[in-house]
Amino acid sequence: MEQSLEILLGQLLRTRGLKLATAESCTGGLIADRITDVPGSSDYFLGGFTAYAYEAKVATLGVSWDTLHKFGAVSREVVLEMARGARKALGADIAISVSGIAGPGGGLPDKPVGTTWIGLVTPEGESAQVFYWKGDRRENKELSAQAAMNMAIGHLKSNTGES
């Protein structure tokens, strides 16, 4: 039986003594919900922010209004600022962030429905990746949550040479 992503992520964080924070927009707290479904997750999960509106991204995560206006909320620049803000606010080692267009509306020619950026900020550096989901609103949210956890898992495994 395959292990769930939230259990694997928790095990990797726990064995490395690392703390995680999340900054979520389109997933609406789904990542934090899945992580906290695991008993004992308070050992490694400090907390998360659900910053849906621009105002919330600015007020709680320190995202710049200039960045939001220049690149839009669904951008590499914004998810990295979101993750930096969550990491700083909670004193976490690692922060993951997500911002996207879950649908069914809200798409633009250059950012269609399903476009989602995921960011990861760690002591070793920062990365962001874009995904283009094709599901309905719920599927897009679930795929985004899975991708964010996979991104963190990949980082944790690569730092120890695991595959």
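Modeller: Arg14 counts as partly exposed, at 39% relative accessibility; that class lies between buried (under 20% relative accessible area) and exposed (over 50%), with a 1.4 Å probe and protein chains only. The model is predicted, so local features need pLDDT of at least 70 and side-chain atom pairs pLDDT 80 or more, while totals for chains, interfaces and linings use all residues. Residues are numbered from 1 along each chain as its sequence is written, and side-chain values use heavy atoms, without hydrogens or water.

Arg14 forms a salt bridge with Asp43, with 3.0 Å between the closest N and O atoms; the term requires a side-chain nitrogen of Lys or Arg within 4 Å of a carboxyl oxygen of Asp or Glu. Because Arg14 lies in helix α1 and Asp43 in the loop between α2 and β2, the pair ties together parts 29 residues apart in sequence. Helices (H or I, at least four residues) and strands (E, at least two) are DSSP runs numbered from the N terminus. Asp43 is partly exposed too, at 43%.

Helix α1 covers residues 5-16. Its buried residues include Leu12 and Leu13, and among the elements covering the buried residues are β1 and α6, where contact means heavy atoms within 4.5 Å. Just after α1, Gly17 has a positive phi of about 70°.

The structure holds four salt bridges. Another joins Arg138 and Glu142 at 3.0 Å, N to O; these two are four residues apart in helix α6, so about one helical turn separates them.

Key
The expected span of a helix is 1.5 Å times one less than its number of residues.
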